[in-house]
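Subject: Handover of a structure and the findings on it

Dear colleague,

Please find the structure below, together with its sequence.

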Amino acid sequence: MTTSLHNLILRAALALSAALALSAAEPADWLLSARWVLPMDPSRAILENAAVAIKGDAILAVGPRAELLKRFTPKQTLHRPDAILLPGLINTHTHAPMSLFRGIADDLRLQEWLEKFIFPAEARNVTPDFVRAGTQLAALEMILGGTTTFTDMYYFEEVIAEATKAAGLRGVLGQTIIGFPVPDAKTPADGLTRTEAFFKRFANDPLIVPAVAPHALYTNSDETLRNCRALANRYNAPLVIHLSETKRENDDIHAQRAKSPTAVLEELGVLTGRTVAAHGVWLDDADLAILKRRGTGIAHCPSSNMKLASGVAPIMKMLALGIPVGLGPDGPAGSNNDFSMFEEMDLAAKLAKVFTGDPQALSAQKALEMATIDGARALGMDKLIGSLEPGKRADLIFVRANAPHAVPLYNAYSQLAYALKTTDVSDVMVNGRWLLRARIPQTLNQAAVLAAARAYQRRILESLKTPPTPAR
Ligand SMILES: [Zn+2]
């Protein structure tokens, strides 16, 4: 055989093997890559120059960019050499439509704020159209701030679910049950009937997890609470509730029943199933033992607990016990005023430090865990969301690290918890669908959403000019 013929055969063999390698590469819809990738998987590694491969609504693989580029043939790619790619942030407690009441009454105690301002304003204004406009405003803010899942309790929750789906967000949405007439139900029994219809309508929805949301122990009868649990368990749905938010709540329940609110809920069987308890500020060791035994998740709301002077939740004890603790901004009407999960991470870490006198109490990494994988655990959804791992849903965000407050970057956890802000979020994907690209919302018309919110402000102010309705 001549040398030239030999070379020709060799070249043909090489070309064939390259073609075979190419055709053997796995198909993917997207290959997303960034300078830093925080998968929030059990290793808690910070990967440099890494990538995530996505097909449909699911993550196929996470690993070095060069390796994934060989392994997959993606239809499209997005590489951000100045960004951090991480799981979408998970809000474990909020009241989305209350965005329309943002800042209406600040700097008050919870009971005064609720009874003098919020309950009357709600009685006069909350309609299906109101909750749709409020949810759209909230969804827009949450998407721009890197939140991909939120946990809600409000009225007309089925309308909130429609708006959430249209915005493309994932939601654990709790239909509120409360012991007095409210805009969507004259009685708690009406509320429960509505909740069951809501469960049926959104059963097996890819984005919506319907929940039942008895407002609190102190606003519901024992019978209603038992019925809420029974309904939730019939549909294998979560129950979300406010628990031991204020000292007054604990003192009142103690005076009436010589027990803590948690002990009463336990006695009623309310904790026998998937439960997310918000706040948990005034929990003692016996309460924590009950919550641990029941697998209850906690929504820690540092902004709200600070702003309403509710107190400091015993987070370090919860974490030591292995109770899953997520973060929640709570409602934006007076307990926080926005939906920023970046602020909740920063405040969760700093509040734990100042309260314990120990700067090591709650680290930047732990704050990130609470905003992602621990939040997913608190919601009982950690098999689906909370980390970037093969098989999980493609819920992820890019956060740019090129602003002056982001440079230099020694540790991505530290930067995310203490320096970066919602405005650094550039791209957001939920269930494989882009909701934000290069900071441009993909599913909501910002100008229209803001115009509707401003129109509601005028209507709400007008409604409050008339004298209050008689006390309930
Ligand atoms: Zn709340």
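Helices (H or I, at least four residues) and strands (E, at least two) are DSSP runs, numbered from the N terminus. This is a predicted model, in which local features need pLDDT of at least 70 and side-chain atom pairs count only at pLDDT 80 or more, while totals for chains, interfaces and linings use all residues. Residues are numbered from 1 along each chain as its sequence is written, and side-chain values use heavy atoms, with hydrogens and water left out.

Metal site

Donors are N, O and S atoms within 2.8 Å of the metal (3.2 Å for Na, K and Ca); water is not among the atoms, so sites may look incomplete. Four residues coordinate the zinc ion at 2.1 to 2.3 Å: H93, H95 and H242, each through NE2, and D330 through OD. Along the sequence, these donor residues follow the spacing H-x1-H-x146-H-x87-D. H95 belongs to the loop between β5 (89-94) and α3 (110-125), and D330 to the loop between β12 (325-327) and α13 (341-356), so this pair ties together parts that are 235 residues apart in sequence. H95 and D330 are both buried, a term that stands for under 20% relative accessible area, with exposed meaning over 50% and partly exposed in between (1.4 Å probe, protein chains only).

The angles among the four donor atoms run from 86 to 173°, and the site is irregular. For comparison, four donors count as tetrahedral if all angles lie between 85 and 135 degrees; four count as square planar and six as octahedral if opposite donors are over 155 degrees apart and all others between 65 and 115; anything else is irregular.

Salt bridges

A salt bridge is a side-chain nitrogen of Lys or Arg within 4 Å of a carboxyl oxygen of Asp or Glu. The whole structure holds 31 of them.

One of these joins R257 to D222, with 2.7 Å from N to O. R257 sits in helix α8 (residues 247-257) and D222 in helix α7 (residues 222-234), so the pair links parts that are 35 residues apart in sequence. R257 is partly exposed at 28% relative accessibility, and D222 is partly exposed at 24%.

Another lies within helix α13, where K350 and D346 are four residues apart, about one turn of the helix. Their side chains meet at 2.9 Å, N to O. K350 is partly exposed, at 39%, whereas D346 is buried, at 17%.

In helix α14 (residues 364-371), K366 and E369 are three residues apart, again about one turn of the helix. The closest N and O atoms of their salt bridge are 3.1 Å apart. K366 is partly exposed at 21%, while E369 is buried at 7%. Both residues also belong to a network of salt bridges that links R44, K366, E369, D374 and R377.

Cysteines

How many disulfides are there, if a disulfide is a pair of cysteine sulfur atoms within 2.5 Å? The count is zero. The sulfur of C228 has its closest cysteine sulfur in C301, 20 Å away, which is too far for a bond. C228 is buried, with a relative accessible area of 0%, and C301 is likewise buried, with a relative accessible area of 0%.

With kind regards

Notes
A disulfide is a pair of cysteine sulfur atoms within 2.5 Å.
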